[in-house]
Amino acid sequence: MSRSKSKRPKSSAAQTPESVASAPESTAEPRTATPVPGRPTEPGAPEQPVAPTVSSDERGGVVGAALRMWLAAYRVEVVLFLVSFAVLASFSSQRFLRQSEAPHFVYQAKAWLEGRLDLDPEVLPNLEDWACVREVAGKKVRCEGRLRPGDRWYVSFPSFPAVVMLPFVALHGYQFNDTSFGVIVGALAVALFYSLLRFLAKEGETARDRMENVGLALVLAFGTLFFYASIRGEVWFSAEVMGVAFTCLYVRNAVRAHRPVLAGLFFSMATLTRTPLLFTGLFFVLEALCPGPDRIEQLKALGSHWKPALRKLGLFALGAAPLALLAAAYNFYRFGSPGEFGHAFLYNNRVNVDIDRWGLFDLVYLPRNLEAAFLLLPKVSLNPLRLGYNPHGLSLLLTLPLLVFLVVPRLRPRLHWPLWLTVAVTALPGLFYQNDGYMQFGFRFSIDYTPYLLLLFALSGWSLRNRAVLATVVFGILVNFWGAVAFRGYTELVRNW
């Protein structure tokens with residue numbers, strides 16, 4: 001049998017692996033396979049593939065390129081953060097370098113790190129707004145009279161800010177500076193609010209350009225009560241500021257219910273920072289059930305097309321459930337009720353008389369809270385000439401004068417009513433609450449819904465370039481500049497500054 005001759009390939013690129021293995025050795029110097037650890041090489045064995053190596057310079061170049069791309073995409077947010085941080089830190093002044101006199105979340109985080117759920121009473125810096133629980137006949141009651149060895153102490157506020165502080169408290173312990181941390185969170189919240197405005201403009205929800213969105217972010221930073229709250233530290237103001245940051249993240253994911261799991265997660269973080277933010281869940285419900293514009297017809301159609309809406313609500317609950325269940329269990333362990341965060345157990349507090357008589361929420365509190373929110377005015381002394389504020393509050397028409405333009409909007413786009421309803425239900429707890437926020441500059445509970453009010457202005461059709469609007473913005477900045485400079489809170493009271 002004759003043996004047929006195979007044709008020689010014209011180029012090496014067309015060779016198969018089998019032909020390469022059976023081809024005669026080349027006269028060129030053979031390559032040496034790179035040894036693989038744990039796999040000995042043998043003479044005549046096929047050449048092992050050489051894994052590509054990346055030098056540290058190349059890795060640094062990749063990271064640097066990614067960082068440059070991120071900075072290019074979010075340069076406005078970065079600049080807003082830096083500017084806000086610089087201004088807030090300057091106004092925080094000597095407070096910025098020291099822990100506040102109400103660092104409750106720091107002590108809670110430290111207790112967790114030490115493996116305990118209650119607080120060590122021997123290390124508490126003061127007795128201002130702590131919860132004290134005593135067991136009497138198997139029932140948890142508020143500590144009264146002389147303290148006893150079995151009394152347990154807790155932070156009387158929702159505890160998620162302590163979760164955020166955990167890694168920093170792990171490094172610095174009880175000395176962690178909650179004041180400078182609050183300034184950082186405040187600057188971050190300003191950047192997040194701008195990012196939310198930019199997102200809404202991109203989605204066609206607002207017609208604002210970049211400069212107007214920057215302007216509104218700066219109004220939040222320096223033209224609202226957020227200004228003085230951001231520079232203080234202290235448990236009451238730290239929670240308000242952090243609540244604004246989580247609100248921005250929640251709303252961005254809740255618009256059109258497009259990211260329900262993330263919306264639920266950030267909603268739970270916001271609620272476990274400031275309990276009135278529980279009511280902002282209405283915004284997601286409205287976006288899931290009837291996003292508009294024809295909401296009545298959408299609600300009617302739910303009878304036959306309920307599955308998509310139910311799926312979004314279920315995913316929202318799924319995102320919120322983990323933290324909510326942990327908080328409920330923690331509250332039950334501490335206070336015997338999953339919905340109790342500790343104010344019913346405040347130790348030796350001036351509000352206990354009212355709580356015992358009427359409870360935490362009651363209609364009887366409404367007149368004084370309405371007065372603190374809308375009617376209280378600055379105190380003017382003529383001899384000598386002096387301008388003072390009432391520590392129970394100051395009218396929102398002075399601290400947030402843009403409100404007047406929300407009453408007469410030029411436009412009522414899709415999100416107009418969902419935002420207004422969210423503001424209304426979020427404001428109600430503060431109006432019926434046993435405390436008006438004392439001591440404060442302006443009605444600080446309004447910070448919970450200030451982002452929603454500014455979003456309403458963004459939708460209203462009023463331009464920041466309008467002379468009347470611009471004059472109102474400048475007036476609001478001046479009022480809140482006064483608050484940032486003049487307000488003396490618990491830290492100054494204790495340190496006699």
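Biologist: At what angle do the axes of helix α9 (residues 235-254) and helix α19 (residues 450-459) cross?
Modeller: Helices here are DSSP runs of H or I, at least four residues, and strands are runs of E, at least two, both numbered from the N terminus. Axes are lines fitted to C-alpha atoms over the stretch in contact, with angles from 0 to 180 degrees between N-to-C directions. The two axes come within 9 Å, and they cross at roughly 50°.

Biologist: What kind of model is this?
Modeller: Residues are numbered from 1 along each chain as its sequence is written, and side-chain values use heavy atoms, without hydrogens or water. Local features need pLDDT of at least 70 and side-chain atom pairs 80 or more, while totals for chains, interfaces and linings use all residues, since the model is predicted.

Biologist: Which residues of α19 meet α9?
Modeller: Contact means heavy atoms within 4.5 Å. From α9 come V244, T247, Y250 and V251; their partners in α19 are P451, Y452 and L455.

Biologist: What is the handedness of the crossing of α10 and α13?
Modeller: Helix α10 (residues 260-271) packs on helix α13 (residues 307-335) at about 40°, with axes 7 Å apart. That makes α10 oblique to α13. A crossing is left-handed if the near helix is turned anticlockwise from the far one by less than a right angle, and right-handed if clockwise. For α10 and α13 the crossing is right-handed.

Biologist: Is S159 buried or exposed?
Modeller: S159 sits in the loop between β3 (152-155) and α5 (160-172). Leaving out residues up to four places away in sequence, it touches Q108, W112, L272, Y330 and R334. Buried means under 20% relative accessible area, exposed over 50%, partly exposed in between (1.4 Å probe, protein chains only). At 10% relative accessibility, S159 is buried.

Biologist: What is the relative accessible area of N348?
Modeller: N348 lies in the loop between α13 and α14 (352-358). R142 is 206 residues away in sequence, yet the C-alpha atoms are 9.4 Å apart. N348 counts as exposed, because its relative accessible area is 67%.

Biologist: What percentage of the residues of the protein chain count as buried?
Modeller: The chain holds 21 helices and five strands. Of its 497 residues, the buried share is 48%.

How values were computed: Angles under 35 degrees count as roughly parallel, over 145 as roughly antiparallel, 65 to 115 as roughly perpendicular and the rest as oblique.
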